[in-house]
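Have the model open while you read, and click along as the residues come up.

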Amino acid sequence: MTLLGQFALWVALLLAVWSATVAFSGRWQGREELRRSISGAVYGTFAALAVAALALWKGLVTHDFNIEYVAAYTSRNLPSGYIVSALWAGQKGSLLFWALVLSLFASLAQVLTPRRYAALLPYVAGVTSAVTAFFVCTMIFAANPFERLPFTPADGRGLNPQLQNPGMMIHPPMLYLGYISITIPFAFAVAALLSRSLDTGWIHAIRKWTLVSWLFLSIGITLGMWWAYVELGWGGYWAWDPVENASLLPWLTMTAFLHSVMIQEKRGMLKRWNLGLIIGTFLLSIFGTFITRSGVIASVHSFTQSNVGYFFLGFLAVSGVLAFTLLYTRWPSLRAEVQLESMLSREAAFLFNNLLLVGVAFSVLWGTLFPILSELVRGSKITVGPPFFNRVNIPIGLLLLALTGVGPLIAWRKASTANLRRQFTAPVTTGLVTLVGLLASGMRDFYAIMALALAGFVAGTIVQEFWRGVRARRRMHGESVPLAFSRLVARNRRRYGGYLVHVGVLIYFVAFSGMAFKREMEATLKPGQSVRMQSPFGHTYTLTHMGVSQFEALNRIVSAATVSVAKDGKPEGLMTSEKRQHVDSFKRPTFEPSTEVGIRSGLQEDLYITYAGSVNGTEEAVYRFTINPLVWWLWFGGFVLVFGGVVTMWPGGGPTVAAPRRAVAGYEVALVGGGPE
Amino acid sequence: MSSLGRRDFLGRLGALAAVPAGLQVQDSLAGRGDVGTLRDPYAAGRPRDVTRIEDYDERIKAIEHRLACNCGCTLDVFTCRTTDFTCTYSPKLHREVVAMDKAGKSAQEILDAFVAEYGEKALMAPRPEGFNLWGYLLPGSLILAAGAGLFAFVSRRRVAVAAAGAPDAAPSGAGPTATPEELERLRQALAEVED
């Protein structure tokens with residue numbers, strides 16, 4: 001199967017090179033057979049890469065340990081689900097997975113794009129094929145997943161225990177899907193620049209793709225936080241690790257694009273900015289891949305150091321220079337159709353929102369690279385950890401949260417004082433009431449107070465918007481509240497789906513603020529001994545060590561420490577945290593013992609128990625107990641955010657035929673009324 | 001009764017032989033108050049010391065949250081030593097912190113001592129001084145500068161438009177006439193359908 005896999009990789013490379021060469025040469029214009037060969041090569045690349053992936057999967061499933069990748073990431077006793085997910089567990093396999101998904105997306109872009117954008121498609125195929133060719137080249141020349149060993153080991157090393165978690169079966173693919181799908185909007189942007197089709201056509205063509213990409217990134221990042229929380233055992237979900245930061249960067253710029261593109265659609269502004277954002281987002285996705293795979297910056301998440309990093313660095317530089325040069329050559333054709341008229345307008349609010357989102361992205365990138373810069377300039381190594389990122393980014397994040405509430409309420413073009421009063425009285429009151437309530441309750445953490453008060457303000461804006469929409473429908477159509485609500489959302493999914501996304505964002509901030517009140521302690525307990533721990537919500541946990549039991553599971557020896565939990569004296573049940581010594585099928589240890597935490601999750605807080613080990617091989621256990629307030633809300637916020645995103649991109653519910661007429665009418669009304677209110 | 005293959009049997013025999021004989025039997029039941037021994041203590045990770053009061057003292061913890069572990073984990077000393085139980089660096093650094101604390105050094109003096117011994121990378125965040133100020137101030141400064149530039153640009157343009165006497169926008173033809181009540185109703189209807 002390795003021969004077939006190798007052959008398939010070469011076929012994929014040749015087809016991708018053909019597609020890119022013909023597309024960029026422009027010879028396909030007026031020659032239908034050449035034009036068809038471009039898209040044909042895209043489909044062929046996908047088929048070849050699918051064969052390569054199946055070949056590797058067969059090697060994994062049949063335990064062909066003569067393949068270096070199979071021996072390095074699986075063992076005979078590895079649970080079947082993880083054998084399948086081992087395809088993306090290592091450097092080489094994940095490159096193949098990346099190329100496979102990219103070629104799939106490239107094919108879908110050719111098939112699903114409406115025919116009115118057909119002129120862009122050969123260039124789109126050219127870009128996607130060039131990127132695919134790069135990944136296949138990297139595999140063939142630097143990280144070949146079909147590399148064979150000079151001998152065949154009796155068993156493989158097995159999968160890293162921290163990757164043996166259901167979250168890891170879906171978190172990396174989701175993140176990859178996000179990263180990879182960014183290539184399609186980038187390809188359309190380059191196609192628009194090359195073909196000089198610089199109207200809003202390319203933006204309409206990529207709308208679904210940008211949302212899909214943003215959604216996958218959102219899901220991937222949230223699942224990554226969840227995996228870090230339940231698997232890494234340090235009691236948190238975000239450590240500002242370089243690889244975590246790398247995933248956040250394209251999400252931030254993509255979020256900025258999703259906002260600024262509305263201004264281009266409605267007002268014909270920010271054309272250059274939007275193209276720059278898409279190009280930047282693509283480059284950041286490649287940068288993230290470079291950080292993860294090069295080992296240039298220390299990270300617990302990164303793959304082992306390899307020369308693959310040089311390939312990515314070169315590709316990053318070349319694609320950046322080419323894309324921005326292309327943008328520069330089209331600069332004069334990208335003038336805005338109208339200019340910004342007032343700082344008190346939705347356009348201005350969106351501009352500032354973009355400024356802050358890109359500012360946060362820059363800040364995160366700056367902090368991630370600052371250790372390297374410091375070493376270059378001063379020759380001394382420094383650590384840039386959470387205290388740095390929190391100090392720099394929390395104020396910007398709070399401003400961004402405030403703008404989340406301001407943007408949707410302020411009028412297009414120019415807001416009057418009456419408009420501001422009408423829109424903001426209730427939400428500002430909500431925010432102030434929240435602020436006073438928090439202060440009265442004794443809360444003193446400045447950033448947590450600000451986050452919660454601003455969340456109150458944003459919640460006020462969203463509730464007001466939904467309430468006004470429902471009230472208007474009830475008045476015009478006489479509908480019941482539930483019917484009016486559902487039709488309101490269904491008729492304008494983009495707007496109200498966007499509000500749901502904002503609800504998710506504000507829930508995120510509420511959850512983040514909870515970590516300011518985290519409590520943690522260590523204790524050594526003999527069976528039957530207890531320790532008491534005070535929750536920030538006032539109640540007291542009594543945690544009693546019940547003992548440690550050991551047993552064998554499929555591929556590990558488990559030491560399970562059990563704790564009986566009582567809350568304010570009332571029994572709450574048992575919790576278990578484990579030490580796992582993974583072994584191969586010959587019972588030989590494969591990795592250092594890993595830790596599985598015990599988590600009891602509630603709306604107020606999570607009780608998080610870590611079994612650190614035993615004293616002198618006895619049942620006397622060392623524990624770390626952590627109380628993490630409001631963590632459940634993070635996962636719920638992620639669900640709401642993704643649900644809102646799905647509502648936004650759900651087919652139908654878009655502008656109707658009458659929409660342009662309404663827009664014109666609104667414009668006239670604004671003029672007659674002396675400015676929109 | 002489950003069957004045991006020859007390979008499994010030999011494997012288990014080998015594993016048992018690797019464990020000291022005295023540790024093979026668990027001599028107490030969980031939850032009974034006795035401190036029994038584990039059947040396979042090596043499977044439960046590195047042996048741990050009994051937690052002392054200074055291991056979770058809030059002051060020590062606060063200092064350790066500001067110190068980076070040098071095992072490459074990117075975590076602070078407290079988090080690493082209570083999370084990565086295979087790390088040998090963070091327990092050593094913890095002992096150094098405790099020793100300095102017992103010697104009467106203040107938090108700042110302990111941090112300074114770590115910087116003197118291990119370099120500035122011993123801190124979780126660089127000190128906001130000298131070149132490091134670029135790290136702290138550049139992002140916020142750029143955002144402020146860009147915001148101020150944007151504000152100035154739009155204000156200047158508005159002044160220029162007003163000076164030229166140009167209309168605020170270019171409506172095509174006269175707008176419709178309507179009463180304030182009609183306008184309000186239309187605005188509300190538009191508010192519902194507007195993106």
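1. Ground rules. This is a predicted model, in which local features need pLDDT of at least 70 and side-chain atom pairs count only at pLDDT 80 or more, while totals for chains, interfaces and linings use all residues. Residues are numbered from 1 along each chain as its sequence is written, chains are lettered from A and ligands numbered from 1 in the order in which they are written, and side-chain values use heavy atoms, with hydrogens and water left out.

2. Chain B overall. You will find seven helices and zero strands here (both are DSSP runs numbered from the N terminus, helices being H or I with at least four residues and strands E with at least two). Read from the N terminus, the order is α-α-α-α-α-α-α. Chain B has 195 residues, and 34% of them count as buried (buried is under 20% relative accessible area, exposed is over 50%, and partly exposed is in between, with a 1.4 Å probe and protein chains only). Take the contacts in chain B between residues at least 6 apart in sequence: 37% of these join residues at least 24 apart (contact means heavy atoms within 4.5 Å).

3. A spot inside chain B. Look at B:Ile63 in helix H2 (residues 58-65) of chain B. B:Ile63 is buried, at 4% relative accessibility. Setting aside residues up to four places away in sequence, B:Ile63 touches B:Val97, B:Ala107, B:Ile110 and B:Leu111. From B:Ile63 to B:Phe78 is 15 residues in sequence, and 8.6 Å in space from C-alpha to C-alpha.

4. Salt bridges. Side chains of opposite charge can pair when their charged atoms come close. How many salt bridges does the structure hold over all chains? The count is 25 (a salt bridge is a side-chain nitrogen of Lys or Arg within 4 Å of a carboxyl oxygen of Asp or Glu). One group is a network linking A:Glu522, B:Arg48, B:Glu64 and B:Arg81.

5. A:Glu33 and A:Arg31 form a salt bridge at 3.4 Å, N to O; A:Glu33 is partly exposed at 45% relative accessible area, and A:Arg31 is partly exposed at 43%. In chain B, B:Asp55 pairs with B:Arg52, with the closest N and O atoms 3.4 Å apart. Here B:Asp55 is buried at 8%, whereas B:Arg52 is partly exposed at 39%. A:Glu265 is partly exposed, at 25% relative accessibility.

6. Helix H16 (residues 446-477) of chain A packs against helix H17 (residues 481-491) of chain A at an angle of about 110 degrees, their axes 9 Å apart (axes are lines fitted to C-alpha atoms, for helices over the stretch in contact, and angles run from 0 to 180 degrees between N-to-C directions). H16(A) and H17(A) are therefore roughly perpendicular, a label for angles of 65 to 115 degrees. Among the residues making the contact are A:Phe466 and A:Val470 of H16(A), along with A:Phe485 and A:Leu488 of H17(A).

7. A buried serine. A:Ser285 is in helix H11 (residues 271-294) of chain A and is buried, with a relative accessible area of 1%. A polar atom of the A:Ser285 side chain lies 2.6 Å from the backbone oxygen of A:Phe282.

8. A buried arginine. Is A:Arg580 buried or exposed? A:Arg580 is buried, with a relative accessible area of 15%, and its place is in strand E5 (residues 570-582) of chain A. The C-alpha atoms of A:Arg580 and A:Ser559 are 6.4 Å apart, although 21 residues separate the two along the chain. Beyond four places in sequence, the residues that A:Arg580 touches include A:Arg556, A:Ile557, A:Glu592 and A:Glu596.

Conventions: Parallel < 35°, antiparallel > 145°, perpendicular 65-115°, else oblique. Polar contact = N/O pair within 3.5 Å; in protein donor to acceptor, adjacent residues only side chain to side chain.
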